[in-house]
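Please keep the sequence and the coordinates open while reading.

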Amino acid sequence: MQYKKISLKILLVSCTFASSLVTVSPVYGASFGGIFVADQTLDGIYFTQDFNGDGDANDTGEVSVYFDDTNASGFANPTGNVFTILQSNSGFLYYGDGNTDSVYRLLDSNNNGNALDAGEASVWFSATDNASGLPLLTPNGLGEDNSGAIYIVAADTVGTPNGDFVYRTIDLNNDGDANDMGEASIWLDLKALNPASSAFEIAFIDDVAFISDTAGGSPRVYRAEDINNDNVIDPLTEVKIFIDDTNPFGIGTFYFGFDSDSSSLYGLDLFSDSIFRLTDENDSGSIDLASEALKVWEPSNIPTGFDFGAGAFSVATGPTGELSITSNGSQPNEDNVFRLIDMNGDGDYLDADETIIYSSRELTGFFPVRPRVVEYAKSVPEPTTLLGVLGIGGSLVGSAIHGLSKKVN
Ligand SMILES: [Ca+2]
Ligand SMILES: [Ca+2]
Ligand SMILES: [Ca+2]
Ligand SMILES: [Ca+2]
């Protein structure tokens, strides 16, 4: 009965609105195309959408497997421990997996709403495959510059202290990976900046990179710019601390979750579970004014009945200024993806109704379980059905939804 209701709703939408599904509810983002969610317990990358325009992906059929162990490209357990996802400007979805110590590249070539089909996944970069012999113990972060080069934050482990680099990777011979000679190089050696380096994410604003590093208890964000264009960051002249925990503004700087938009950085501080927006207004290369660092969200904004759980792991920037964050814990109401939308346009997400329970195990009963990282879809992939995940043989309904969404797109 439930599925019928949803497909009727979609039918209604397709009849009422001639353009596209997302125009149904502009209050929830006219250009919202969905959010990729990597789940460390379900061991997959999921694609979440809001078909009925109510702002969330908790309704039937709004979550689907995008990539996991069932892929036909021949990768065994490729999504057991996904730390980072990046959709490049060219549409490829890159992600770093800490179990196979690889960065994969996905593309839904046949437009069926997932990258599970044969040939839709490949290894972009790995320690065992790259011709330069570069180590990759923990692919913690991914970024892209204006030229399309992909940057990988390679963190090491306590047992094998062989890492803490940012690699610059490009596919020179057009074979779909960055494993060939000359395609990957050390762009920035983070241990040269701090021997206790423990780096997480990288985010770009234009061609300036920002790297979050928790650095053995003195967390900071670096600002790196390749001024002389030799594809290496000179540790003396091309990188500096953008902000650290000695800042006088009370800004938490311990960021696992970290992202940028065209002018600002957004850091989700693990200790305060709050989001800080950092904007270098006076172009000094660091945060040196109180007005440049603002707390824009805190857990007290979470609607009653839901909680933040064990930690603040991921923040992603989305269209028209919205943000998405993850939380997970031991209870279903702690396993969430929140959407943050500045409804009243005052520049923060601290007001009533600005924190949306976008996806919660409390509401869906099955998803998410341990959401680690999120990434907004840059374009809208063809919707698919989640019925496989639900364990229900509803392919007919799935096809109907698929067909309808095709029509209205
Ligand atoms: Ca919905
Ligand atoms: Ca596909
Ligand atoms: Ca190549
Ligand atoms: Ca607001």
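Alanine 215 is buried, since 23 other C-beta atoms lie within 10 Å of its own; a residue counts as buried if 20 or more other C-beta atoms, placed from the backbone, are within 10 Å, as exposed if there are 12 or fewer, and as partly exposed in between. Its phi is near 40 degrees, a positive value in a residue other than glycine. Alanine 215 sits in the loop between β13 (208–213) and β14 (220–225). Strands here are DSSP runs of E with at least two residues, helices are runs of H or I with at least four, and both are numbered from the N terminus.

This is a predicted model, in which local features need pLDDT of at least 70 and side-chain atom pairs count only at pLDDT 80 or more, while totals for chains, interfaces and linings use all residues. Residues are numbered from 1 along each chain as its sequence is written, and chains are lettered from A and ligands numbered from 1 in the order in which they are written.

Serine 212 belongs to strand β13. Serine 212 is buried, because 29 other C-beta atoms lie within 10 Å. Apart from neighbours within four places in sequence, serine 212 is in contact with Phe200, Glu201, Val221, Tyr255, Phe258 and Gly267; a contact means that the two C-beta atoms, placed from the backbone, lie within 7 Å. The C-alpha atoms of serine 212 and threonine 253 are 8.2 Å apart, although the two residues are 41 apart in sequence.

Aspartate 101 lies in the loop between β5 (93–97) and β6 (102–106). With 18 C-beta neighbours inside 10 Å, aspartate 101 counts as partly exposed. Another loop, between α2 (361–364) and β24 (371–376), contains proline 368. The peptide bond that joins phenylalanine 367 and proline 368 is cis, with omega about -15 degrees.

For the whole protein, the count is four helices and 24 strands. Of its 409 residues, 50% count as buried. Among contacts with a separation of 6 or more, 53% are between residues 24 or more positions apart.

Strand β2 (residues 44–48) is mostly covered, with five of its five residues buried. In a regular strand the side chains alternate between the two faces of the sheet. In β2, Gly44, Tyr46 and Thr48 point one way, Ile45 and Phe47 point the other way, and all are buried. β2 pairs with strand β1 (residues 35–39) in the antiparallel sense over five bridges, where pairing requires that DSSP finds at least two bridges between the strands. Valine 37 stands opposite tyrosine 46 in β2. The two strands, β1 and β2, form a hairpin with four residues between them, and aspartate 43 in the turn has a positive phi of about 55 degrees. β2 is also joined to strand β3 (residues 63–68) by five bridges, again antiparallel. Serine 64 in β3 is the bridge partner of phenylalanine 47.

Two open sheets can be followed next. β8-β9-β10-β11 is the order of an open sheet of four strands with antiparallel pairing. Its edge strands, each pairing on one side only, are β8 (138–144) and β11 (184–189). Neighbouring strands of this sheet are turned by 30 degrees against each other on average, direction ignored; strand axes are lines fitted to C-alpha atoms, and angles between N-to-C directions run from 0 to 180 degrees. Strand β10 (residues 165–169) runs antiparallel to β11 and is joined to it by five bridges. Valine 166 has leucine 188 in β11 as its bridge partner.

The other open sheet has four strands in the order β16-β17-β18-β19, and its pairing is antiparallel. The twist from one strand to the next averages 25 degrees. Four bridges link strand β18 (residues 274–278) and β19 in the antiparallel sense, and leucine 278 has alanine 293 in β19 as its bridge partner.

Which residues have the most contacts inside the largest nonpolar core? They are Phe36, Val166 and Ile211, in a core of 96 residues. Strand β9 (residues 150–155) gives the largest share of this core, six residues. A nonpolar core is a set of buried Ala, Val, Leu, Ile, Met, Phe, Trp, Tyr and Cys residues joined through C-beta atoms within 7 Å. Not counting residues up to four places away in sequence, phenylalanine 36 touches Ile45, Phe47, Tyr66, Ile85, Leu93, Val374, Glu375 and Ala377.
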